[in-house]
Amino acid sequence: MYLILFGAPGAGKGTQAKIISQKYGFEHISTGDILRESVKKGTPLGKKAHEIMSSGQLVPDDIMIGIIKEKLSEPQLRDGFILDGFPRTVSQAEALDRLFGELQFGVGAILVFQVDEEELVNRLARRRACRECNNIFSNDVINNLTECPKCGAKYSFYQRPDDDESVIRRRLKIFIDTTLPVVNYYKDLKDLHRINGLRPIEEVTEQIFGIVEELKSRG
Ligand code: AMP
């Protein structure tokens, strides 16, 4: 089974992906995390991606499609996986369709997270990430903490360079111009679910669990 989590930066995809992955054992594939890991390790991919990511632009399609192609051929994904942050362009969606045709992953759904722009800017400007486990927190929650509540790492919080307000605005513009048309590409698909991402985390999770259970019942 597969889930594609689609939505603007800050809409809650990563948070929900981690919760679903824990409950069902599905692998969480975040293309942003894969790229950040490469940047951290200083690999050739990381060197290429670093500047593009910091300025809020999209990494070129051929690179991203290559990453996903390699990832999706891993055998453990047969037990289920969640795509978070891919596809972000219509070309990526087309490439994904071709891969799904070849690899036959069974049932799946696309979850479209909807949150209005001002709330997204607000959330992104306040969010902090843990360098060790990549979990995301609101600054209000971890304000006085020295340890990550998820993995226990000390002094590991940082603000992603692309969560700076001017970069956030650029990322949202790119989302509207380049990524949003992907929904249109998928619009005739039966299993496209709209998720109101303004609701509390637990309510969103409950809706998604309902969708997963229904998919499971179809086998
Ligand atoms: P995210 O953590 O999903 O917000 O991704 C962080 C950054 O990684 C994005 O702003 C892009 O620069 C890059 N990125 C992640 N996924 C993709 C993708 N599918 N296509 C192009 N760039 C991506």
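Visitor: Leaving aside its neighbours within four places in sequence, with which residues is Asn-134 in contact?
Guide: This is a predicted model, and Asn-134 lies in the loop between strand S5 (127-130) and strand S6 (136-138). Contact requires heavy atoms within 4.5 Å. With neighbours within four places in sequence left aside, the residues in contact with Asn-134 are Lys-18, Asp-33 and Glu-37.

Visitor: How many Å apart in space are Asn-134 and Phe-157?
Guide: Along the sequence, 23 residues separate Asn-134 and Phe-157. In space, taken from C-alpha to C-alpha, their separation is 9.4 Å.

Visitor: Which helix gives the most residues to the shell around the ligand?
Guide: There are 16 residues around the ligand, and Thr-31, Arg-36, Gln-57, Gly-85 and Gln-92 come nearest. By type, the shell consists of six nonpolar, five polar and five charged residues. The largest share, four residues, comes from the helix spanning residues 31-41, namely H2.

Visitor: What percentage of the ligand's exposed area does the protein bury?
Guide: Oxygen atoms of the ligand lie 2.9 Å from a polar side-chain atom of Arg-36 and 2.6 Å from a backbone N or O atom of Gln-57. A side-chain N or O atom of Arg-160 is 3.3 Å from an oxygen atom of the ligand. Taken alone, the ligand exposes 480 Å², and the part of this that the protein buries is 96%.

Visitor: Is H2 roughly parallel or roughly perpendicular to H4?
Guide: Two packed helices are described by the angle between their axes and the distance between the axes. H2 and helix H4 (residues 61-72) have axes 11 Å apart and pack at an angle of about 100°. Angles of 65 to 115 degrees count as roughly perpendicular. Therefore the arrangement of H2 relative to H4 is roughly perpendicular.

Visitor: How many nonpolar residues are there in the contact of H2 with H4?
Guide: From H2, Thr-31, Ile-34 and Leu-35 take part, and they meet Met-64, Ile-67, Ile-68 and Lys-71 in H4. The residues of this contact include one polar and one charged, while the number of nonpolar residues is five.

Visitor: Which residue does a cis peptide bond join to Phe-86?
Guide: The omega angle of this bond is about 5°.

Visitor: What is the phi angle of Gln-104?
Guide: Gln-104 is found in the loop between H5 and strand S4 (108-114). Although Gln-104 is not a glycine, its phi is positive, at about 55°.

Note on methods
Residues are numbered from 1 along each chain as its sequence is written. This is a predicted model: local features need pLDDT of at least 70, side-chain atom pairs count only at pLDDT 80 or more; totals for chains, interfaces and linings use all residues. Side-chain values use heavy atoms; hydrogens and water are left out. A residue is near a molecule or strand if one of its heavy atoms lies within 4 Å of it. A polar contact is a pair of N or O atoms within 3.5 Å; within protein, one must be able to donate a hydrogen and the other to accept it, and residues adjacent in sequence count only if both atoms are side-chain atoms. Accessible areas come from the Shrake-Rupley method with a 1.4 Å probe; for residues, only the protein chains shown count as cover. Helices (H or I, at least four residues) and strands (E, at least two) are DSSP runs, numbered from the N terminus. Ala, Val, Leu, Ile, Met, Phe, Trp, Tyr, Cys and Pro count as nonpolar, Asp, Glu, Lys and Arg as charged, and the others, Gly among them, as polar. Axes are lines fitted to C-alpha atoms, for helices over the stretch in contact, and angles run from 0 to 180 degrees between N-to-C directions. Angles under 35 degrees count as roughly parallel, over 145 as roughly antiparallel, 65 to 115 as roughly perpendicular and the rest as oblique.
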